Structure formats: structure tokens, C-alpha cells
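Please open the structure in your viewer and keep the selection tool at hand. The tour goes from one selection to the next.

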Amino acid sequence: MAAKLAFIFFSMILTNNYVLVKFLGICPFLGVSKKLDSAVGMSAAVTFVMVVATLATWPVYTYLLEPNGLSYLQTIVFILIIAVLVQLLETVMKKFMPPLYRALGIYLPLITTNCTILGVTILNLDNGYNYLESIVCALGAGLGFMLSMVLFSGVRKRLEDAQPPKAFEGLPITLVAASIVSLSFTGFGGLVETIFGM
Amino acid sequence: MEKKQSKLSIVTNGLLHENPNLRLVLGTCPTLAITTSVFNSIGMGLAATFVLIFSNMAISACRKIIPDKVRIPAFITIIAGFVTVVMMLVQAFVQPLYQALGVYLPLIVVNCIILGRAEMFASKNGVLDSALDGLGMGIGFTLTLTAMGFIRELLGAGTLFGIQILPDAVEPMAILASPPGGFFVFGVLMALAIMLDEKQGRKVDADPEKIGCAGCPNSKNCHGEGGCE
């Protein structure tokens, strides 16, 4: 059991990294990774919402939608839950945790339309994970997101001094750099499986 | 945006000058994720076009009723409704595509192209114009996806639509079909689109990254200075 949890956790960070391998959440990856502190803030907010969203959507699907033959409503229900949750978190944080709100608050409205959140909640159910496994998976996915954001913000700092051909200036060269970072992550392929003997 | 746009220019706008992927930098996730084959690219493009046209029309029709404050949740709910319709249709009639697209099909809901167009165009324009805008954007999206899929499938696997094209003597560059290749091909295509646009004498914004922020549905919340930077 513990081995399986650890396997899910580490494979979400390294081999199944959401940004670099599964291509979820590319928009914030390209948009917010310019500075290290905003990269950390954004990914902390994403991790937090991912876990909370999984906490909420898994029971709703398993105990409410599926037994009643409503699983086709999954997309609508999940996106509404996520939208409401984000709004709720923002309000609660603003009232009770002002320092946390100052750190993460500006990233929260961006998160509703972030495909990693909806992605992780749906993929957890597609993979048939139980409640605990889903939560661990969400946590791993969030930390994997953070890892790639932090790594890439370092790469982008160097990129600012580079002088690419004119047409490549700005985003195109950033994408080519992302390609190389993603290449380094393919090197982890098989690593987690070998360690945990899965 | 000028008030009097011809109907044709609304459609053609989405093809190159305001191409949703290459110039507005919206909807990057599906562009990178499912373009490993031409078949998947076209399927994804058509599914998104369908959602774009209908959600644009519905949002445009309701634009005077929806209060400004709950605008985004209302838009998302409308979009999610159409995405569910598409999912059920694809599952019923094109099973292989349903398997191939997997989680990216429900994720059309959070595709920023659709919410972005709802916010930028449909909430300000009439029903017919919005439908045309959805059509143009959808075609632009499909074309970009198909181009990506064409390059990645032909060079990465040596096939098109699953049929072998390149002779065995040519070793396929498997890297192009894998995730790093997706980023790379997308970067090169984007640079090409910028070059083409410049050749046509269109004014190119000095910082292409700003366009992405303007297209972001939350740009009103961050006023172009918050989380997007």
C-alpha cells in the first residue's frame, strides 16, 4: 500500500510530470514562469487547489453521480465545483489568512481555467484510484508542476540575455527552451518503476 | 476592435493574423498534447470548432441577461454543456477518436480559446457575428493542429493517417512524436507565423507575450500586471 502510494507520488512528479510530459497547464507554465517568486506562488496555489478539488470531486462522483447513472454530467459538475471552490477559498483566505492571501491571492482567479485542476480530478477517476491514492496523486501532480515551474524560471532568466533570430524572439524561443527542459525529463522514464518494482 | 467588420474578415481573422494558437497563444495544451497524429489533430480541431461556434452563439444570445459579476462561471457552464454534447457524440460515433483524445476531450471546457473568445468577442457582438468568429477561430485552430500533426506524424513516425509514407530507409525521428518534439515544432511554427504576418505588412506587436495576456480571460482581474507576469 505504502509502496503504491509512493509510486504514484513520485511518478506524478518525475515520469508523468503534468506540464512537461502530459501537457496540462501550459498557459501558466509559459505565462507565470518569468520570475522565481511568482512561479513558486502560482504553483503553491495550484497544488493547494488541486488537493482541495480532489477532496471534493472524488466523493461527489463516487457517491452521487455514479450510483445515479449521472456520470455523463462529470465535466459540468466538476468545473462548477472547482469554480465555486476557488471563489470560496479566495473569500476564506482574505478573511482569515491575510498573509497567505497576499502571497497566493492574485493567482487564485487564474486557477479556475487551469486545465491541470480539472485534468487531475478526471484522471484520478479514469485511473480508478481510491480516495487516498487520488489525494496523493493530486499532491504529487502539484509538486511536479512546481518543480517544472521553478526549473523553467531559471532557464528563462538565462534566455533573457540570449539573442535569437528576430522571428524567434519572445515565445517561440521560450518554447524551444521548454522542449529541451522536457527532453531532460524523458530521461526519468522507467526510473520510478524500477525503484518501486512496479 | 473596429465596430464595422465585414463578415468575411471576421472569419479570415482567425486564420493567420489572430490565429488562436500561433498569435493569441491560447489553447496551447491540446495543441501540444494530441498532435502526434493527423487524425487526432483534425478530430480535436473539429470538436473544438463545434463547441466554439455554439457556445459563442449561446453566450452572445444571453449576453444582455448575464450579470457582469457571475459572467465567467455562467460562460463556463454554457461551454461545459456543449462539451458534454460533443463528448457524447464522439463516444457514440467515433470510438477510436474518443479513446485517443482521452482526458483532453472534457478538457475543451478549460481551453482558453473558447473562454477567451466568449470574453473578447461573443459578449460584445451579435449572434451571427459571434458564430462567424467561432467558425474562423475554429478553422484556425484546426489548421494549426493539423499542421502540427502532419509534421509530427510524418517525421516522427513516417506515417500519415496511420499509413506508412516514408520509405523504410528513412529512420523516423521519434523525438518529434514525443513531448519535447511537441514544444519544438510549436515554437518553430509560431516563429513562422510571425514571419508570415510581418511579410504581409501587418503591424506586429513588439512583445508577442503581451498578446497572450490580453487573451487571458482573467486579464480584467489582474489588469495586465498581476499573476500573468
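Leaving aside neighbours within four places in sequence, which residues is A:V40 in contact with? Select A:M146 and A:V150: A:V40 is in contact with both, where contact means heavy atoms within 4.5 Å.

This is a predicted model, in which local features need pLDDT of at least 70 and side-chain atom pairs count only at pLDDT 80 or more, while totals for chains, interfaces and linings use all residues. Residues are numbered from 1 along each chain as its sequence is written, chains are lettered from A and ligands numbered from 1 in the order in which they are written, and side-chain values use heavy atoms, with hydrogens and water left out.

Stay on A:V40 and select helix α3 of chain A, residues 36-65, where A:V40 is found. Helices (H or I, at least four residues) and strands (E, at least two) are DSSP runs, numbered from the N terminus. A:V40 has a relative accessible area of 35%. A:V40 counts as partly exposed, because this class lies between buried (under 20%) and exposed (over 50%), with a 1.4 Å probe and protein chains only.

Now move to chain B, which has 11 helices and two strands. Of its 229 residues, 56% are buried. Among contacts with a separation of 6 or more in chain B, 75% are between residues 24 or more positions apart.

End at B:F161, in the loop between β1 (159-160) and β2 (163-164) of chain B.
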